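Hi there,

Here is the structure I promised to pass on. Have a look at it first, and my notes follow below.

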Amino acid sequence: MSEPMPPAPPPPPSPYTPPPPGGGGSSEGPRLPWEERDQLGFLNALIETAKLLVTSPSDAFSRIRKDEDYIWPLAFGLAVSWVGNIFYQIWNLLFGAAMMSMMGGMADLEQFGMMGGTNLVTTIISIIVYPIFYAIGIFISAGIYHLCLMLVGAVAESPTGFEGTLKVSAYSSIADLANVVPIFGIFIAIIAKIVLTVIGFTQVHKTTTGKAVAAVLIPLAVCCICLIIFFVSIAGMIGMSS
């Protein structure tokens, strides 16, 4: 009777270990296409990142990590926001001129032409200096948001800190592209940016949706209260002077 064959030795361990999912400060996992510009090309990386932020914002923001890179996220935000601002200025110029024409009629074409020329110059200047105001505004808004996130306890265990807040603010600027839509684009952009910011804070800081919503709504509530106080004060001054 033949002896049984010895058991086969176990297969050697695979040298490949799948990387953990990215996001939230992890140095592994998928990255945003914008962070792969060297491989994808500048324009392609810009387009693919914009598509990812629009179609799957949770996935996009989960790919953000802490890497001390502030410049390139701001560059992406500026690029998409600048395009949106150009359209906003164009629609504002065209529809503003149309409204002035309807209100003033055709009685004073010369004066209307002078005002139109002034508005055109103002529009061009606004477009040119926009990057400066964008860079200043993004740091201020990120600072305010981060303070509110701290107040609601949303960054107690955040792996990205202020860097994550700044990157969410920058990448959420994709919402400004809604300004390509005449008249209603500005309202779409505001709502979309709020939604994207909430999603971004939830993913980047590993916090709850409730805390992210609270941090985003606190500055809006403060602004509304200040506006109400301002208009009530103006109305009171007018009432006292009459």
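Two residues are counted as being in contact when they have heavy atoms within 4.5 Å of each other. Please keep in mind that this is a predicted model. By that definition, among the contacts in the chain with a separation of 6 or more, 73% are between residues 24 or more positions apart.

As for the fold, the chain has 8 helices and 0 strands, so the order from the N terminus reads α-α-α-α-α-α-α-α. Of the 242 residues in the chain, 31% are buried. The accessible surface is about 14800 Å², and carbon and sulfur atoms account for 75% of that.

Now to the inside. The largest nonpolar core contains 28 residues. Leu53, Phe61, Phe76, Tyr171, Ile174 and Phe201 have the most contacts inside this core. At least two of the core residues come from each of α2 (42-55), α3 (57-62), α4 (71-104), α5 (109-151), α6 (161-171), α7 (185-204) and α8 (209-241). The largest share, 5 residues, is supplied by α2.

Which residues does phenylalanine 76 touch, leaving aside its neighbours within four places in sequence? Its contacts are Trp34, Leu46, Thr49, Ala50, Leu53, Tyr171 and Ile174.

There is also another core, of 7 residues, lying apart from the largest one. Leu74, Tyr130, Tyr134 and Ile138 are among its members.

Happy to go through any of this together.

Best wishes

Conventions. Residues are numbered from 1 along each chain as its sequence is written. This is a predicted model: local features need pLDDT of at least 70, side-chain atom pairs count only at pLDDT 80 or more; totals for chains, interfaces and linings use all residues. Side-chain values use heavy atoms; hydrogens and water are left out. Helices (H or I, at least four residues) and strands (E, at least two) are DSSP runs, numbered from the N terminus. Buried means under 20% relative accessible area, exposed over 50%, partly exposed in between (1.4 Å probe, protein chains only). Accessible areas come from the Shrake-Rupley method with a 1.4 Å probe; for residues, only the protein chains shown count as cover. A nonpolar core is a set of buried Ala, Val, Leu, Ile, Met, Phe, Trp, Tyr and Cys residues joined through side-chain atoms within 4.5 Å.
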